[in-house]
Structure formats: structure tokens, C-alpha cells
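Please keep the sequence and the structure in view while going through the points.

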Amino acid sequence: QNAPVRIGYSMSRTGPWTGGAQTSQEPNFLLWAEQQNATGGLDVKGVRRKIELISSDDRSDVETVVRTYEKLMGSDKVDLVLPPWGSNANFAVAPLANRFQYPFLAPTALSRRLVELKLPYFFLLLQQPKPMCDALVDMFKANGVKSVAVIYVDDLFGLENYAALKVALQGSGINMVEDKSYPGGVKDLSPVLRSMKDKNPDAFVGFTYPPDTILASRQAKEIGFNPKFFYASVGTAFPLYKNVITAAGAEGVLGMGSWNSKTSPGAKAYFDAHVASQKKEPDRWASGACWAGLEILTNAVKAHGLDRKAIRDYVANTTHKTILGDIKFQGSENVGTPGTVGQWQNGEFEVVWPQKLATAKLNPNKPTWK
Amino acid sequence: MMWHRPEPFRLGGAPRAHLKIDGLSAGYGAFLVLRNLTLEARPGLTVVLGPNGAGKTTLLKALNGLIPRQGAVLLNGEELPEKTHETVQSGVALVAEGRQLFPQMTVTENLELGGWLVPKAERARRIEQAFNDFPKLRERASQLAGTMSGGEQQMVAVARAMMSAPRLLMLDEPSLGLAPKMVDELLGIARRIADAGTTVLMVEQNVKKALAVADRGYVLERGAIVASGPAALLARSTVIREAYLGADKDPASGTTNAADAVNRRKATATPA
Amino acid sequence: MSTETRQPLLEARDITVRFGGLTAVDRVSAVFMPGELVGIIGPNGAGKTTFFNAISGVTKPTSGRLELRGRGLAGQAPHRFAAQGLARTFQTPRTFGDMAVRDNIAFGLKFAGKRRREYLFWGDEVGVPWVLRTPESILGLIGLSAQAELPAAAITPSQQRLLEIGMALATRPRLLLLDEVAAGLTENEVEEMARLIRRLRDELDLTVVWIEHAVSTLLRHVERVIVLHQGRKIADDVPRAVIRNPEVIEAYLGDEMSETDTEATA
Amino acid sequence: MTSRQFLIRDLLVLFGLTGWAVALPGFASEFVVSMALTCLMYVALSSSWALFCGTTRYLSLATSAFFGIGAYTSAIGLESLSWPVAIALGATIAAGIAVLMGAAVLHLRGTYFAVLTFGMTELIRHAISYFEKSVTGTVGRVLMVVPERDTVYFTVLLLAVLAVALSIGIRRTRFGLAMQGIGADEQRAQTLGVNTRLVKTAGFALTAAIAGAVGAAMSVRWTYIDPHTVFNPFIGFQTVLIALIGGAMTLWGPLIAAIVFSVLAETLRLQVPQVYMMSLGLLLILSVLYLPGGLASVRAETFKGWWRDSKAWWRETRDDLSGETERRKQREKQQREARHVY
Amino acid sequence: MSFSAWIELIASGLITGGIYALVALGLNLQYGLMRILNIAHGEFLMVGAFVTWMVAATFGLSPLWMIPVSFALLFGIGVAVHWLCFRRLTATSPNLDVFEARGLMVAFGLMFLVQNAISWIWGGDLRGYDFLTQPFAIPLPGGQAQFAVNKLLVFGLALLFAGALIVLLRTTLLGKGVRALMQSPTGAQLVGIDTKRLHPLMFGIGLGLSGVAGCLLSMAYTISPSMGEPYTVTALIVITLGGFGSMGGALAGGLLLGVIEAIGMHFTNPSLKALLSYIVFIGVLLLRPEGLFARKTRKA
Ligand SMILES: Nc1ncnc2c1ncn2[C@@H]1O[C@H](COP(=O)(O)OP(=O)(O)OP(=O)(O)O)[C@@H](O)[C@H]1O
Ligand SMILES: Nc1ncnc2c1ncn2[C@@H]1O[C@H](COP(=O)(O)OP(=O)(O)OP(=O)(O)O)[C@@H](O)[C@H]1O
Ligand SMILES: [Mg+2]
Ligand SMILES: [Mg+2]
């Protein structure tokens, strides 16, 4: 039949999570549905069926997320669900996914603990802290970095990354000269940055959220803290970063990121389609993972229809070809995509490490802030 | 010893205020307390007497625009505005029931605000005058008004009203809570203010003393004037003697309690 | 009354209250015997209300001792005073405005002090005069029965002062402190208030301390007067003596009592 | 009605509502049940809040502190403790903290109290964050062992019923009356024999206990908790808002408001996704302006009053616009002049 | 730590503190003087920030032009909000406590309304632009310290506005008039205050100041529709430290908080800093509820 495929999700359109959700996640869902419908619909085992997205705002509130998914999976019994934004929300819905047996392909959940829950229906697309930090340290070692200074936000994201970095640094010969945590929503990091400047490290690493990423960059510029390697995380790969800091200012800044339009032809097509349809660029980190997840889902439905058990098995046991390259799951974790490091060069966020995935050569000497 | 200041409290160049009230009705919502009241306050000191709940306070509030009114209220032939702040602008000040001080502000601040409509330099001068008139207030210039003793608060209220240098000063039970000596002094001030050219309209419970200083008196009962005339005459009238002064000569009524008196008056004052 | 043989109900020794640099009450000592009706007078700001506040626990005295029925209570919370049978009214009425007049009284009854406990213990209302048993009877006593159902904020200020008395009575006190309960009344009404207070004292076996500026009436009814001036006690004697005290005349009375009745205080 | 009849009426209403809520999981969909759960959570929180804060007018913003403490207790305790014990422990610890907090802040009134309780909530949140980070080395906890959804539902239901039943019962006792007296005039109540310190501390602890228990029960729904989610000040704000909208001084107000608010918020969220938060804000403002006594005060009279007011307003505006007001004033003046006032 | 490092640290604390003070000014008028606990303060600030960003981003106009514009815009909104909501509240509330509680609820409503209106119009994304971010070295005894020009600008204007307000409230009766109004509406009318005008005026100025603060903040920080709440909290802390209604106190409180935080952050770490500021806040409230800098009698 040609009844539409009903796909539900809840998304943060108001509240503190909005920025992230509206950059890396929801635009991709919309683009995906638009693209599929333009081709006549989602291919369900050979039958094209239109996609009907059933979505609502979750106010950046966990309880609302839970309630919404209970409604979607329990009452509305939609055909498929797409995941909410952020680790906290994904934590809350992961057990539900299992109870109702809906496969979840989460692009913006990042925590070892989620992996450790060992939930068969739950998959995490993003590279976890360990591979990311390993790649970063690897890059440092290759470029003769001797000392790093670290700041990290004191929540799960910051702590896990920090822990992973510490493990990665062990035996690397790199000295951690300073490590400080800060609370989310901080308005001034300059005292910390000043004392880091005094220690004159080769590299600065920040496990930060978008507003803090920008704050740290601006304040580093302000006080003239300009280490050879300046690495920040969430937000660096966002188009926002370039807009706010300006392309010249961003030159040489490193960040968590895993792709750009040069990564693969698919990625180029996706990037262009995104700009055309959503009137903004996707970010160079989680958006790619999100799109890859949708690609996997599309293929799974094509092969197995809407049989969710079959979809799960397909996702779990196949090596998927996506815009990010091969994706393969071990338990919940994506072990196919290696850790990466990105860098702003001439207004584009390039993948610079590991070298086999690099879209441009690493600039190992960050120019002074502009 | 507080009032040895020979010159009057205030001497403005304003014409002597003459208040005429004709057909005034006022009340609370649908409940009319005053009906068609006619009253006149000439330059000098006019006192309004009456039992509890007669509508004395209501009268003053209506004149000052604190509650809506109907009828003509003319000050020197001109209609008195209906908004309180405008009445103050046109030279009418009221020392209200319950004093209405600003309890969390100092005495000085209360006085300053009394001179809200007055230029700054003039304000400072008047505060100085008020302090001369009430030396106690100078001592307590920076005490919060709310922590002052009952009587002291009354002084602040009167002094604050004088800050606007009104043409017509209305006082609602100014002697409430004052020591006998203070009562005398306060009534003395009221008298002097009146002599200096301000028209004073005063509601008093202290009948004997009030009539002793006033020029004219009105007796208000149940929202209507039941007697009026020169104060001296009124003091000797039977109406007053029976209703307000007579009881202490009447030992027979030993069993009635104070509340009965209050209520009886209240009951009579409330229109059925 | 042979007060000498009995233990004082309240004994205040050298009570001092300071507000910053101002000494509002300055080493005032006073003793109140059971059954007395004592008046307190003094110029405005003399410290009368502050003295009441100090001996009822509302203000902590800066120094001094307080013994209520043999118990040292200085510095304790007001409810401890109430439990020992002390009740008071406030100069500016502080009734529970949103509650009905009756409920204001009922409130006091619920938390009645010592006598209430005796009643529980003996299983009978020992020592509780019948008029203090129900809100209705108290309302009858103070004459507010007609207003029982009105919210307290809706009655006139003078009625609120009566209600204050009612609330105080409801705690079944032994010592009743009245602060200007007759303010704003005409002379007749003050007189009747005085009779009510006397009657309360007589029938309910109370000790009453009464602050009032209506001196002539006050002096006619009380047995003893304490005069405060600038925080200090300047006289403590029978009315007849006090009105002749030059210091009192100078500070407070002025010519108030000169023509008024020596006959009343005789 | 006499007070006894009121008691019976209230208890019957409560009984009826409870019966209905108990039956709910049997016939309603997942979604309705989970909505009912949110609803019950706010019934419990705001009823217990109103029980103390409404009557005494001590506006506490610490609900989220107690909620969070309960949540953490059950997150830590559930692995070794049984469900009821974990809940009870959450309540006890929250009450204990409330007693400590109360000792420090209950002598301050009004805004100071509100701001302080808010500050303390934040302090607790940051302290726990910091403690977790520096001692346990991680922030937040994953709840591995979680009970069935229905267990959670019935627990929260029980707490809600308990909160309302306590409100019904306590307002008739000396304790309830004492709180009312404190709300009206604390010092006056003291002079009438109320040990205010004791009453306030007890009341505050009681509120805290229920909030703690609710927190303990609700946290299991989120699998993962961190200080930011469970000490979210908005839990406290929402509780206060609901209680105030319903009428903090009333018995049924918080309950009515919790139901209305949850249903309305959810319906608007699903029906008008674009502007639902704005509509919610607008409704909130309107309800404060035109229903100052709270939802519990709505009577037929209220609507008639609105109707009258709007008619009067319309007449006035019309007169003003058409110049009628001016003309009337003129007429009155002429009449007076005709009577030769002067 | 060297002397110059100390100076630098304190200077950076002062600058952050100046920003805190700026954020607090508007709320201090509304809450400190008028008893309207405007929990939507941060939201109105956000409106100022968004308007500035929009103009800067679309027309490329210098954000400095937006300082008076956002003041005027927010002032207008303030007067309108007052006319629509608080006028009625003042008229119908039986006493100050009730007014405060109801005012708080209205403010909550406004918060939902404003925040979501903005996010409806512009979306929930994080925004920002680059303006005067280049460092500027100021000579200090024993060395020099660098600060972004926009921060210095914000700091300077914070001092300016605080100073202007202090002067305004000291030399005129406006502030006292508003406080009087809250303590006894009848009393205020009796001394001749036009209560129907003064109130909206002050409320409008309060909002106008939030607009200015928002405008200035958008130069130094990223903005988003949900940015408001932390600013409201900061503002509340600052005015409590300084004493409700005291502009000088708010300035001093803001600066003090900034310095304490900077020092705390330097010697411990930023996470402890949050703990520290709340401890200071609670300590002050418990020990000196009238504010750190309040004298017995309050001054503007
Ligand atoms: N706010 C009000 N609402 C309704 N009725 C009121 C209000 N204020 C006063 N009244 C009624 O109006 C009548 C007149 O009151 P008013 O206060 O004018 O009397 P008064 O002569 O000043 O008495 P008092 O000597 O006690 O001050 C009384 O019956 C009173 O009950
Ligand atoms: N909280 C306070 N702070 C500062 N001064 C105070 C405070 N309370 C009272 N005072 C001052 O202490 C003095 C005594 O006040 P009190 O109220 O006891 O006077 P009182 O004898 O009752 O006068 P009245 O007859 O006018 O009521 C007054 O001068 C008053 O201003
Ligand atoms: Mg009156
Ligand atoms: Mg007194």
C-alpha cells in the first residue's frame, strides 16, 4: 500500500539544547524526508512510501523526551523513530528503545556509559572519547608537542574526554602542565587562560561546548595566548564558529570534527543539498554522523521493510558504506569510523588527522589570532 | 517648650482658601456613606465632629480624591480636581487616617517626599522648618519612620503634609495617640497655621479641646450634618454635651461596656 | 488587697532596651502583683510600648532580668511568655486580617497558655472562667458578636482594638498588657472601655497593665500608675500622688489634670 | 457546611480521584499514563509546597533541591536497597537537609527567604557536582536497576494522595492553624502562644520529605541523572507557579492547577508546536491578572464579573471616543451653575 | 604570584564585575525599588542582544548605534508591559506581599512569552558577531594587561550608566518616590506623586537598561534565546550583595563578585568558582541581609 511511513521523534526547539539540535540534527531529518519524498518516498522493500515526520518540541527537558517517546512508540505506534538530541536525552530513551524494540541510531550521544548499558537496539554513531583522544595525541606526538594545557566542562562529556585524554597521554612523553574544569555557562575564562599562557604549553585542549568554545577562543585572542596547537571541541566544527570568530580569526584552530564536503562524493552531495534546502551549512562533526545514520536506516528499510527486529539485526551485523566511510558496530559502538582531528584553514574546516582521512595537510603552527 | 517660635509655620502668598462643598455624595462601591452633603470651610479652623463610622474620614478622602465623589467641591470658586496628586498640586494636603507614612524610609526621606512638588532648595528650607517645629524629628532624622513610636509617627505625618505648603490642610484625627501635652501643642499648631492664612479642616475625636481652638464646627452623623455653628456655641449645645461629653457624669450605666457604645454608634451610622 | 503576702506575677529588674545609640528603655524596674490594675503613662516616645515589647518577649532587652511567675524569661521567644500566661495587645492593631473575627479568637484559644494545660490535666476546666471557653462567649464579652463572621480587616480600627483584647483573652492569660486600646474613642467611649477593663480584671482574676493617653479616665480607674519619661521610670505610685508629682506634670500632664476632677481620684 | 462536612466532602473527592487514577493504567494508553504521571508529580510537589509555603507565605524555591536530593539518593541506593526503602530514604535525607537549611534561613522572610532558598539549591547543585567530579571522578549516575513503569506510577500516585490528604488533615489541626497564623502575622502568632520556630521547621521538613520522595521515584525514568537535570531550578519554579496559579492558600487549587497545567501544556505542545510556549506564557499572565485568587476561586460569579467589566469597559471607551464623557461633564457643570452654588 | 600578575588578575575581575553590574542595573530598578521581581530580566536583555545582532549582521551597522536604539525599544516595551499588566496588578493587589508574588508570576509569563517569541522569530541557534575583539594593552603598575576592546567598552559604559543612575537617584526624588509608592500607595498619592506615570516610567527605564546591557553583551559573548536565565540569576546575586535598590551597591557588588571569582578561579579552578560565589552570596544574605554596602539609611 501507499500509506506513508510514519516516523517520529522529539527535538529541542526551545531551551538550552536548541543550538546543537538545530545545527546537527533536525535539519538533517527534514532534508532526508524531503529528499526521499522527492524521489517518490522511502523505499520499503521495493515499495515507495512517503515519509510522514511526526515531531514535537521537547523543551530541552528529559521528562518531556521520555513522555514523547512513550507516546510515539507506545500509543501512536509509529513505524520508526529517530533519536533526540544530546547524551542526556539519549540516556533516557535508550532503555525505552529496548523495551519497545525500536532501533535507535543516535548521532549526538557521546558516552562510554551508554555503550556499557549494552542495549541491543541502541547504536551510537559518533566516535567515542577514546578514539578521538587517541587521534589527537597521535597527532601531537607526530608534531613534537611536549606540553599541553587542558580545560574541560564539568559534566559527563568533559569528564569522559578528559579521562580518555589522560589515558592517551600516558607514556606519550607529553606533559600535562595544567588541567582545569569549569562549569557550563561560564562567563569568564581569562584567569585560567592567563595562567596557562604563563606556562607556555605547546598545545591547548578544550573539551568545551559551543558558547565556551567561542569564549575561550576570544579570550585567548584577548590576552594573546597563542599556542601552536589550539584545540576545542563542540562548536569548533559549526559554521557558527567561522561566522563569529571570522574566517581569518579561525585560521589554524583545531577541533573535533570528522568530515567535510571533500571527504567523499556522497559528502559533497549531502553538503550541497543541505545548503540548498536548509539554507545553512551542516556542521563538520555530528551532522555527518547524523546523515550517515539516516543512510544506514534507508538501506535497512530497503532491505528489510519495516520489520524492526530485522532492521536492528541488519544495522548490527553489516558494514555500512556511508558518507563518512565504512561504519561498523560492535555492540552499540561505531568502531568503523576512526578518531579524527579537524582544523580551520582558509574558511573551511578540514580533516587533518589521521593522514589517510585527511582532506588537507595539518598546519602545525597556528598563526596568531586575527 | 516646643512651640516658642513666634512666626507662623508657613506664609504663602496664595489667596485665602475658601472651600465650598455642595451636594457631595461619596462612598465605597455601591455603598454611599455621604449623601448630598453641604459644608463650607472658611479661612480659619473648621472642625468636624461625629461618632465612629459617621463618615468623617470618608469626607476627607472624597475631598482629596482618594475615593470617587459626586457633586461640587469648589476651592475659591474653582472645581477641585479629582485625582489625588492634582488636588495636592492645587494646594490641598491631607493627614490621612492611619498616617500613611513610608515605614521603610527615614524621617527625612518622608519629609522630602512630602515636598515632592516643591523645588529642591525650597524643600530643604521647609524640612529645616519642620525640624524646628518638631525638634524630636530632628533628633530622629535618620530613623526609619516605621520604628517610631505612635505619637512620633503622628508628628511625621503632620510635618509631611505641611511640606507641600498647602492652602487647605485637612487633618484626620491628628491627636490620635498623642500625649495630653502634645495634643495641646498640636492643636496649638493647627490654630497657628490657620491664623497664618491656611484654611484648616480638622476631624477630631477630642471634642472639648477641638472646639476650644476651632472657629466653626460641624457635627456629622450617619453621613449627614446634624449640627453646625460657631465652635463656642457648639461647645455649649445640648447635642454635643449629651452625645460626647455627658457620660462621665452618669454613674448609672456602669454595666454597659465600651463596645456597646462603639457598636451603637456604628449601627446608627450605617444606613439601613 | 494584701499584695505584700503574695508572690509577684511579673518582676522586671533593670530592663534596658537600646536601639543603636538610643536608649528607649533605661533601667526600668517594675513589679506587678496578682490582681492589680496598673496604668502606664508617659510622653510620646517615652518607651512605653518598647517596655511592653521587652516584657512580652517581642523585643529582646539589651540587659535586665525578667521573672514571670518565678521563671527567668529574658531573651526567650514570645510564645514562652504566652505559655506562662502573659497576653498583650498591639498599639497598631495586628489582627489576622483575612480570617473571620471569630477565627481570630479561636486561634488564641487553640494555643491557650498554662490554664489550658491545667484543664487538660484535671479533665475539667479548672480555673477557666466560663466566658473564656468558647469564641462566642469571648465575642459576647467584648461585644463583637455581630461582627463574628466578618474578616478582621473589614471592621473599624476601634473594633479591631477590641478584637485585640479578645484575642489576648483567648489565650487565657493571667497578665494582660493593653497598649492604647482606647485610642480614637470619644470620652464616653473611653470611659466605657475603662469599665470593661475593670470588669475583666475583677471577673477573670487578671492582672492588667494599661497604657493610655486618656489620662483623666485612666487615672480614675487604675490603682497604681507608672510614669515613664525618656526611657526612665520617674514615678510609680497611686494616681493621687502621681498627679501632684511636679516632674510628671512638667514632663507629661501639662495642665491636663489641673481643673479636672480631684474628686474622681479621691 | 460545617467543618466536619467539609472534611467528609474533601475526603470523598480525594477518594474518588484516587480510584480513578488507580484504574488509569488498566485502560489508558502509554502516553496518557505517562502524562498522568507528570501530572501526579506536580500534584504532589505543589500540594505539599502549598501546604507549608502557601499557608505560611514562606516562598521557597528549594523544591528542586529536595527533588534532586531524593533523585540522587535513589540513584545511589537502588542497587542495594529495595524500592520502598530507597524512596523513604530519599524523603528522610531531604527532610534532614530541610531541617538544616531551615535552621539557617527560616528567620528571614519574604524575598530574602525565596532568594536564599534558591541560592542554597544552586549551592547544593554545585557542591554535588564538585564532589562527584573530584571524589567519584564522574558527574552524574546511570541507573541500572529500575523498577517497572507501573511501580513508579503507583508510587507517585501514593505520594500525591499523601500530599493532598496531609493538606486536608493538617489544616484542621493546631499545626495547620499555627502555619496559617504565621502566614498572617508571625509575631502576633508568637505572642498568642505559637512556637513558630518549631512549626516552621516541621512544615518545611514535611514539604521537603514529599519533594524528596517524588524525586527519588521520578529519577528512575531518566536512566541517567546529573546535577544539572535533577536540580534544575525550573522544577522548583514550576511547582511554585502551579501552586500560585491554583491558589496557594487553597486546598484544591494546586491539584486543579497541576492537572490543568499539564494537560494544557501537553495539548498546546502537540497542537500548536510553534507558539505553544508563548500561549502558555500568555495564559499565565492572563490568569494572574484576571483570576488573582487562583483557579480554585473560579465561580460562576467570576465569569459574570468579567462580562460586566468588559461591558463597562466598552461603554466607557465608546463614550470617551464619541465625546460623550466630555458632554456629560459639561452638563453636570451647567446644572451646578444653574443651582447657583455661588 | 608576582605583583603585576595580581594587578592583572584583579583588573580582569573588575572588568567581568563591571559587566555583572551592568546586567544588574535594570533589575535593581525594577526589583530593588519597585518590588517587581522581573524574572524575565534576562529575556529582555536577550531581546536587546538579538536586535543588536540582527542589525549588525544584516545591515552591517556598528552595534554602537544600537545602544540608544535598544534602550528606546525596550523602554517602549517596558511602558507597554506596565500598562498591560502591572497597572492592573497594582490596582488589585491588597498588599505588597501579594503584589510581589503576583508580579513574579506575571514575570514568569513574560519570560515564556519573550523567550519563545524570539526563538520563533530567529530560531534557537547560537549567534554572535565579531566586533572590537582585538586586544588592547592597558598599562598597569608593574607591567601591562591586555583586554579586548569591546570588554573595555562594556566596562566603561557600565561605570557610566551606573554613575548616571546614581546621580539621577541621588539628586532627584525619583527613586525615593518609587520606593514610597511601593510602601504606601495612598501615602504616595497624598504627597502628590502621579503614581500612574512614575511607575511605568521607572519600569520602562529598567527595561531600557536591560536592553542596553543586552546590546553591549552581544559584542562580547555569543547569544541565544535561552541565554537569559543565567543573567537573571547573576543580576539577582549582584543586587542582593549590594543591597536592594542601591545603585552604588549594585556596582560595588558586581565588581566585588567579579574580583572574588577571578581570584577564586585563579587559585582553585573555575568549577569551584561557582561554589564560591554562591557561598559568598548566601553568607552575605545570612549575615547582612540588607546588603554588604548598605548603611543604616539607604541611599540611592
Ligand atoms: N473601605 C471601606 N469599604 C467599605 N466601607 C467602608 C470602608 N471604609 C469605611 N467604610 C464604612 O463607611 C462608614 C464611614 O466610615 P468612616 O471611616 O468615614 O467613619 P469615621 O467617621 O471616620 O469613623 P472613625 O471615627 O471611626 O474614624 C462606616 O460605616 C464604615 O463601615
Ligand atoms: N526599632 C526601633 N529602632 C529605633 N528606635 C526605636 C525603635 N523602636 C522604638 N524606637 C524609639 O524608641 C522610643 C520609644 O518608643 P515607644 O514606642 O516605646 O514609645 P511610646 O512610649 O510607646 O510612645 P507613644 O506614646 O507615642 O506610643 C521612641 O523614641 C522610638 O522612636
Ligand atoms: Mg475616621
Ligand atoms: Mg506606644
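**Note on the predicted model**

1. C:Thr49 counts as partly exposed, because its relative accessibility is 23%. In this scheme, buried means under 20% relative accessible area, exposed over 50%, and partly exposed in between, with a 1.4 Å probe and protein chains only. C:Gln91, at 16% relative accessibility, counts as buried.

2. The model is predicted: local features need pLDDT of at least 70, side-chain atom pairs count only at pLDDT 80 or more, and totals for chains, interfaces and linings use all residues. Residues are numbered from 1 along each chain as its sequence is written, chains are lettered from A and ligands numbered from 1 in the order in which they are written, and side-chain values use heavy atoms, with hydrogens and water left out.

3. Which residues coordinate the magnesium ion (ligand 4)? They are C:Thr49, through OG1, and C:Gln91, through OE1, at 1.8 to 2.2 Å. Donors are N, O and S atoms within 2.8 Å of the metal (3.2 Å for Na, K and Ca); water is not among the atoms, so sites may look incomplete. The pair links distant parts of the chain, 42 residues apart: C:Thr49 belongs to helix α1 of chain C, and C:Gln91 to the loop between β6 and α3 (101-110) of chain C. Helices (H or I, at least four residues) and strands (E, at least two) are DSSP runs, numbered from the N terminus.

4. In chain B, the magnesium ion (ligand 3) is coordinated by B:Thr57 (OG1) and B:Glu97 (OE), at 1.8 to 2.4 Å. Here too the pair links distant parts of the chain, 40 residues apart: B:Thr57 is in helix α1 (residues 56-64) of chain B, and B:Glu97 is in the loop between β6 (92-95) and α3 (107-114) of chain B. B:Thr57 is buried, with a relative accessible area of 13%, whereas B:Glu97 is partly exposed at 36%.

5. Chain C contains an open sheet of 6 strands with mixed pairing, in the order β6-β7-β8-β3-β9-β10. Its edge strands, β6 (86-88) and β10 (232-237) of chain C, each pair on one side only. From one strand to the next, the twist averages 15 degrees. Two strands pair if DSSP finds at least two bridges between them. Strands β3 (residues 37-41) and β8 (residues 207-211) of chain C run parallel and are joined by 4 bridges; the partner of C:Leu37 in β8(C) is C:Val208.

6. Helix α6 (residues 150-162) of chain B has 13 residues, and its end C-alpha atoms are 19 Å apart, which agrees with the 18 Å that it should span. The expected span is 1.5 Å times one less than the number of residues. α6(B) is mostly covered, as 13 of its 13 residues are buried.

7. Chain D has 14 helices and 2 strands. Its C-alpha atoms fill a box of roughly 95 × 55 × 45 Å, taken along the principal axes. Of the 342 residues of chain D, 57% count as buried.

8. Chain C and chain E do not touch either, their nearest C-alpha atoms being 10 Å apart.

9. How many disulfides are counted over all chains? The count is 0, where a disulfide is a pair of cysteine sulfur atoms within 2.5 Å. A:Cys290 is buried, with a relative accessible area of 2%, and D:Cys53 is buried at 3% relative accessibility.

Methods. Axes are lines fitted to C-alpha atoms, for helices over the stretch in contact, and angles run from 0 to 180 degrees between N-to-C directions. Contact means heavy atoms within 4.5 Å.
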